[in-house]
Amino acid sequence: MRYFQKAIRRAGIPVSFSQGYHPHQLLTFASPLGVGMESSGEYLDIEVEECSSIEELQEALEAQMAEGIDVLSARILPEHAANAMSIVAAADYRLGWPQNMPCTADELAQLAAQFTAQDSIPILKKTKKHERVVDIRPMIYDLRAEGSSLYLRCASGSEANLKPQQLLETMLRSGGLEYNPYACLITRLDLFARTKDGQLVSLEKYNG
């Protein structure tokens, strides 16, 4: 958040500020990225005082980006559009092992198929105040292996949220394999909203 606050200021973008004793830029990430994960599909809402050209705004912000961070697109939303954080319903992830893969690619594919074939996958979910048993099977929309990587589409957002680390740990241990949280590289590929007819669509293409 601080990175983009500084970039927006350097770019000269007329961002809106909150009211009160400690005003701050009105920026909202659709879904804050977990520590230790990388991403190729993040979304940021910016409220501005004026915008004569969305192309100029994108170019100005892109010019302030450090290597490895790119502004891929920008568009103006309708005045009363819901913010991205409130509409996120799912996320796509790639889970891969640069080295020390816990099994062969064939075994990974078989394990993923067996895992999703279950009607129920209960896990113990812990928070700071309590713990409870949660069935994560309804939160897994797609899970498949391609070579040494897993591709996962799962619930994400305020209504239901599945962390890819939770799924991976549960799946590997169900197959009698060791789970090493530092061996797997997790990349978030995209975020999705749900349309009125129940379909999932990328936030890039979502129009309410």
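In the predicted model, the side chains of Arg 144 and Asp 142 form a salt bridge, with N and O 2.7 Å apart. Arg 144 is partly exposed, at 38% relative accessibility. Asp 142 is also partly exposed, with a relative accessible area of 31%. The pair does not stand alone. Asp 142, Arg 144 and Glu 146 are joined in a network of salt bridges.

Such pairing follows a general rule. Side chains of opposite charge can pair when their charged atoms come close. The structure contains five salt bridges. Among them is a contact between the side chains of Asp 92 and Arg 153, again with an N to O distance of 2.7 Å. Asp 92 belongs to strand β4, which covers residues 88-96, and Arg 153 belongs to strand β8, which covers residues 149-155. Asp 92 has a relative accessibility of 16% and counts as buried, because buried means under 20%. Arg 153 is partly exposed, at 26%.

Another salt bridge lies within a helix. Glu 169 pairs with Arg 173, and their closest N and O atoms are 2.5 Å apart. Both residues are in helix α5, which covers residues 164-174. They are four residues apart, so about one helical turn separates them. Glu 169 is partly exposed, with a relative accessibility of 27%. Arg 173 reaches 51% and counts as exposed, because the exposed class begins over 50%.

The wider fold was examined next. The protein has five helices and ten strands. Its C-alpha atoms fill a box of roughly 55 × 35 × 35 Å along the principal axes. Of the contacts with a separation of 6 or more, 61% involve residues 24 or more positions apart. The protein has 208 residues, and 34% of them count as buried.

The accessible surface comes to about 13200 Å². Carbon and sulfur atoms account for 48% of that area. The protein carries 20 positive and 27 negative charges.

Conventions
Residues are numbered from 1 along each chain as its sequence is written. This is a predicted model: local features need pLDDT of at least 70, side-chain atom pairs count only at pLDDT 80 or more; totals for chains, interfaces and linings use all residues. Side-chain values use heavy atoms; hydrogens and water are left out. A salt bridge is a side-chain nitrogen of Lys or Arg within 4 Å of a carboxyl oxygen of Asp or Glu. Helices (H or I, at least four residues) and strands (E, at least two) are DSSP runs, numbered from the N terminus. Buried means under 20% relative accessible area, exposed over 50%, partly exposed in between (1.4 Å probe, protein chains only). Contact means heavy atoms within 4.5 Å. Accessible areas come from the Shrake-Rupley method with a 1.4 Å probe; for residues, only the protein chains shown count as cover. Lys and Arg count as positive and Asp and Glu as negative; His and the chain ends are not counted. The place of a charge is taken as NZ of Lys, CZ of Arg, CG of Asp or CD of Glu.
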